[in-house]
Amino acid sequence: MEKDRRGRRPANRRPGKVAPSGNIVPIDRPKGNRKVRRRRKRPPRRFVMNNRIKLAFAFGGMVILLGTLIVRVAYINATSSTQYSRQVLSQLNYSSTTIPYRRGDITDRNGTILATSEKVYNLILDVYVLTNSRVEEVGDCVDTTLDVLEQYFGLDRDELETIVDENPESRYQIISRQLTYEELEPYYAFINSEDEGDQEVSQYVKGIWFEDDYIRRYPYNTLACDVIGFTVAGNEGTYGLEQYYNDTLNGVNGREYGYLTEDTSLERTTIAPVNGENIQTTLDVNIQRIIEDEIWQLNEVIPSKNTSVIVMDPDNGEILAMASYPVFNLNEPRDLSNYYTDEELSAYTDEEQMTIYNELWRNFAISDTYEPGSTAKVFTVAAALDEDTVKASDTFYCDGGQVFEDGTYVWCNEESGHGTLTLEETLMQSCNDALMQIVDKLGAKNFINYQSIFNFGQLTNVDLTGEASASTLLYYEDTMGPVELATNAFGQGFNCTALQLTAAFCSVINGGYYYEPHMVRSITTESGSTVETVEAELVRTTISESTSAFIRDALLKTVGTTDADGNWVQGSGYQAYIEGYTIAGKTGTAEKKPISDEKCTVSFISCAPAEDPEVVVYVVVDEPQLEDQAASYLATIMTRKIYERMLPYLQIFPNIDTGTETTTQESETAESETSESETSETQTGESDSQNETSKDSEISQVENDEEASDVWKHLSDEEKDSILYEYIGVRNNVYERTDVRPGADTIEKEREAAAQAESESQAEEESQSDGESQSDGESQSEEDSQSGGEAQ
């Protein structure tokens with residue numbers, strides 16, 4: 001048999017016999033007995049080193065690639081997660097709900113809440129869930145759910161059906177807003193009821209849920225309304241502390257969001273809201289109540305255009321109370337029903353109604369300016385004494401007024417003259433003539449400089465909105481002549497705000513230290529942690545301690561006390577005297593321009609105890625409804641009534657050693673009130689004709705008047721008598737009183753000015769028209785003449 005070159009038989013040849021011809025004949029073997037040759041197994045190949053190295057490199061590359069991918073994903077997540085999340089979520093069925101923050105509280109100095117945010121609930125209807133929810137054997141849940149909404153929340157069924165029909169895919173429909181928990185309780189009681197009947201119905205209620213919200217509440221309604229202010233939609237503060245500390249009181253909304261699937265399952269993620277911070281004010285609720293009650297009582301008897309009271313701590317600038325009249329309800333700041341009927345309001349345009357609101361909401365104590373009157377004499381005397389241009393021992397002769405080079409004659413408040421007065425007595429008797437002599441020695445330059453030192457014409461920087469500076473309502477060296485200097489010396493001719501004068505007076509009686517007035521003591525978090533403590537800020541020194549002591553003593557004698565010899569002395573402020581207390585104060589009466597209108601602003605500023613003042617009270621009554629408005633005794637009596645209630649509360653008690661002597665002097669004072677005609681500013685407002693009617697007959701006239709009885713129906717007879725005896729010492733037409741209507745005078749003046757302007761405009765147009773007609777006539781006549789000439 002042939003073999004290949006390796007000695008093997010060809011693989012394609014089968015074994016067999018050799019025929020005679022030399023050919024190979026295959027051997028036939030029976031099937032099934034064929035012998036199968038088994039292949040010999042090859043030995044396994046060895047994994048050589050080169051392959052191992054390649055595999056190691058491949059594995060290392062994969063690890064590096066995976067690590068790089070992880071790092072990249074982490075980087076993207078840290079820097080751009082929000083961007084990519086938004087891109088992804090914008091393509092998905094996504095739900096997002098705002099979780100409102102809670103606006104911070106406003107409290108008084110003792111923690112009494114003045115403004116707070118009360119939790120309420122908005123009723124939300126998920127229309128998509130409602131319309132796609134079915135219960136076996138019942139089917140549609142819409143009718144049952146709408147029936148429940150109508151029954152438990154008083155909602156209109158037709159309106160609900162309209163919402164469902166028009167918004168079938170909506171997941172968020174606000175059905176009712178600002179529900180209290182008390183209003184939700186009946187519904188929750190029904191849903192959670194174990195009664196089988198309720199459970200049978202409640203299982204068909206779908207798509208209803210409640211969203212948290214907050215509403216601003218003011219527990220004391222009108223109390224401190226000018227100071228606190230209020231909020232409008234979006235937690236925006238308007239006026240007062242609410243506006244000034246708006247960013248502090250506000251927080252940051254939270255968010256609840258998630259992905260919605262077609263079977264309405266929702267996986268939520270929540271970011272909690274950050275609530276606003278609380279502010280603790282310097283106000284004392286009890287003192288605030290006292291001054292507002294006294295303001296109200298006075299205006300029930302003798303209404304005014306405005307009445308304002310400020311109570312301040314002279315040793316640190318803290319404002320303990322601040323109020324004015326008229327007032328408004330902080331919970332309903334747009335409610336004018338106390339002042340106007342609906343018919344009256346409808347007669348005003350939107351702009352005029354806004355004028356009414358602005359006058360009602362504004363804080364008179366910081367936003368309105370006026371001439372301070374004789375309370376300014378305190379600062380003139382203090383400046384002259386501190387500059388050593390006058391001495392405590394100097395005397396001045398008052399003959400009833402001063403005449404100036406231009407012929408102007410300026411009267412004293414006592415036209416017949418006070419005679420010879422000491423420096424103390426110029427304040428006690430409130431002598432204009434003596435003050436003109438004093439300021440003449442002081443000089444215009446020094447006077448203007450001290451006005452700046454006392455901060456007149458400048459912002460006090462109190463932490464309230466709407467403060468006026470009155471910088472344009474003062475005289476300066478280039479505008480102040482001898483007459484202006486003289487009248488400025490006793491508070492006429494320049495303007496200030498009530499807060500400016502109060503802060504300046506505090507510096508005069510506390511030893512000469514001017515503190516910046518402020519309304520807030522501290523700012524805290526909702527957990528009570530202190531964020532900021534507001535310390536007293538000393539701005540400057542104004543006068544010396546010796547000058548301050550002299551002013552305190554002079555003003556104490558102005559109200560009433562015993563001198564070194566044991567003699568009783570009193571001045572124009574005697575009606576503020578309280579037995580056992582040392583009260584120092586100064587009256588003020590300022591005539592408003594135009595003088596012919598005979599309108600006045602009366603005031604009284606004071607401190608107690610006089611030897612070491614702990615509290616300053618400033619009362620301003622603007623345009624009281626009296627026949628003669630120059631009645632500073634209104635402010636003086638109100639001050640006494642405030643002290644009688646406030647000083648015991650402040651743990652300031654009377655000196656029991658005053659005893660019989662004080663009682664005797666007070667009796668003499670009471671007799672002088674009824675027997676003598678008043679002098680100086682406290683005596684203005686009374687004339688011979690006014691003395692004809694006694695107090696008893698005045699009370700009778702008032703009480704018999706039906707209109708007045710309606711006004712005072714909430715007062716007892718004793719209260720009426722008390723108020724009238726206190727305030728009405730002269731004849732006046734108080735029974736013909738008119739109600740205070742904020743904005744009415746302003747609107748009337750604006751209408752008159754507009755009518756006058758329109759009339760003048762029409763007159764000017766008519767004049768121009770007449771001129772043009774006359775010109776046209778002359779032109780036509782000239783043309784006719786020329787035409788006639790040409791024809792000729």
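Predicted model: local features only at pLDDT ≥ 70, side-chain atom pairs only at ≥ 80, totals over all residues.

Started with helix 16 (residues 432-442), which is mostly covered: eight of its eleven residues are buried. Buried here means under 20% relative accessible area, exposed over 50% and partly exposed in between (1.4 Å probe, protein chains only). Helices are DSSP runs of H or I with at least four residues, strands are runs of E with at least two, and both are numbered from the N terminus. Among the buried ones I noted Leu435, Met436, Ile438 and Val439. Gly443 follows helix 16 with a positive phi, near 90°.

Residues are numbered from 1 along each chain as its sequence is written, and side-chain values use heavy atoms, with hydrogens and water left out.

Salt bridges next: a side-chain nitrogen of Lys or Arg within 4 Å of a carboxyl oxygen of Asp or Glu. I get 26 of them.

Arg171 bridges to Asp126, with the closest N and O atoms 3.0 Å apart. Arg171 sits in the loop between helix 4 and strand 8 and Asp126 in the loop between strand 5 and helix 2, so the pair ties together parts 45 residues apart in sequence. Both Arg171 and Asp126 are buried.

I also checked Glu371 with Lys593, at 2.7 Å between the closest N and O atoms. These two link distant parts of the chain, 222 residues apart. Glu371 counts as buried at 12% relative accessibility, whereas Lys593 is exposed at 62%.
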